Amino acid sequence: IGLMGGIAAQARPDFIGGNLWPDHHKIAQFNSYTAQYATEASDTSQASREEKKHELQALGLKLGDVVQGVVQGTNKTGVRIGINGVRADMTRYNISHSPLNLKDMNKIFKTGDTIKEADMTRYNISHSPLNLKDMNKIFKTGDTIKAMVIYYNLEQVRVRLSTKRLEPTPGDMLRDPQGVYAGAEEAAKAHRLGAAVADKQKLQCLTASGIKAGDVLQGTVQSVQQDRDAFITIAPGVDGMLRIRKRSSLLPSQAIYATLEPGQAVKVKVLFCNMDNGNVMLSGVSETA
């Protein structure tokens, strides 16, 4: 009753001091008023979204472009960047090929373990994310930076950026971010060229394999990243990505996907084959499939 009275008092001042239970005519007037208010708010939100879409479209961004933006802030998930009024995001996984510290390396490797690489620097062990403390050392609110566009969706008004792909050598964003920005255009050009060659090779292998959406295949885990993305080899030269965001929601028959490790054999289903670049999306299947 108190909540109803408070809303009524704010929306209809003439309710103050009046009958707590107004007649049907007044209720109809009140409902009409609140419905109009909600509609106007929705229209405003939609207009704002359309305006942002026009602003983003006006930038003419493409995947692989280098853009200049201003740091708006950081949080535990990454960095917010403003590009001529358009917000873009850079996750902490896309800032740098950050090195592991000695404590982390000792968790992974024990003396006497057998591994494939003859030698590895701490920069080449894992795509480990930066923490908030490290991000705040690199980015200050108001800083002007350069980054590569790695995701663009006009309908969702979403842009994602990466400085990691602009690093001449792993870890440069930690040591010399200004040097990374200075060489951004050349680094992006080299990345686009390498990506085009890789896409062509992937597409050739995918076409030769005859793999199509709906196929259930036995594959081998190549790598596991961010504790939720696994890359599975399903044919010579053909790797697919298996994404499991909520492992707690897995069925008992899908428990194998919660503990994937490189070299492990796993059954997967092909969800989608991109015949433009050779990318393949996979899903898990139950053990009874």
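Trainee: Asn-84 lies in the loop between β2 (78-83) and β3 (86-91). What makes a stretch a strand or a helix here?

Mentor: Helices (H or I, at least four residues) and strands (E, at least two) are DSSP runs, numbered from the N terminus. The model is predicted: local features need pLDDT of at least 70, side-chain atom pairs count only at pLDDT 80 or more, and totals for chains, interfaces and linings use all residues. Residues are numbered from 1 along each chain as its sequence is written, and side-chain values use heavy atoms, with hydrogens and water left out.

Trainee: Why is Asn-84 called exposed?

Mentor: Its relative accessible area is 68%. Exposed means over 50%, buried under 20%, and partly exposed in between (1.4 Å probe, protein chains only). Asn-84 is therefore exposed.

Trainee: What is the phi of Asn-84?

Mentor: Asn-84 has a positive phi of about 50° and is not a glycine. Most residues other than glycine have a negative phi. Val-157 also has a positive phi of about 50° without being a glycine. Val-157 sits in the loop between β4 (144-153) and β5.

Trainee: How do you know that Asp-172 and Arg-175 form a salt bridge?

Mentor: The rule asks for a side-chain nitrogen of Lys or Arg within 4 Å of a carboxyl oxygen of Asp or Glu. For Asp-172 and Arg-175 the N to O distance is 2.7 Å, so the pair meets the rule. The two are three residues apart in helix α5 (residues 172-175), which means a separation of about one helical turn. Asp-172 is buried at 12%, whereas Arg-175 is partly exposed at 45%. A network of salt bridges that share partners joins Glu-50, Lys-53 and Glu-155.

Trainee: What makes Lys-62 and Asp-65 a salt bridge?

Mentor: Their closest N and O atoms are 3.7 Å apart, so the pair passes by that rule. Lys-62 is exposed at 52%, and Asp-65 counts as buried at 17%. Lys-212 and Asp-215 pass too, with the closest N and O atoms 3.3 Å apart. Asp-215 is buried at 17%. The count by this rule is seven salt bridges.

Trainee: How do you know that β9 pairs with β6 and with β10?

Mentor: Two strands pair if DSSP finds at least two bridges between them. Five bridges join β6 (residues 216-225) to β9 (residues 265-273), and five join β9 to β10 (residues 280-284). Both pairings are antiparallel. Phe-272 stands opposite Met-281 in β10. β9 and β10 form a hairpin with six residues between them, and Gly-278 in the turn has a positive phi of about 85°.

Trainee: What makes up the nonpolar surface patch?

Mentor: Leu-271, Phe-272 and Met-281 make it, at about 280 Å². Patch residues have over 30% relative accessible area and no salt bridge; like charges are joined within 9 Å, nonpolar side chains (Val, Leu, Ile, Met, Phe, Trp, Tyr) within 5 Å. Met-281, in strand β10, counts as partly exposed at 32%, so its area passes the patch cut-off.

Trainee: Which residues form the patch of positive charge?

Mentor: Arg-49, Lys-52, Arg-158 and Arg-160 gather there on the surface. The elements giving two or more residues are α2 (24-59) and β5 (158-162). Arg-160 is in strand β5. At 34%, Arg-160 is partly exposed, so its area passes the patch cut-off as well.

Terms used: Areas by Shrake-Rupley, 256 points an atom, 1.4 Å probe, with all protein chains shown as cover. Lys, Arg positive; Asp, Glu negative; His and termini not counted. Charge placed at Lys NZ, Arg CZ, Asp CG, Glu CD.
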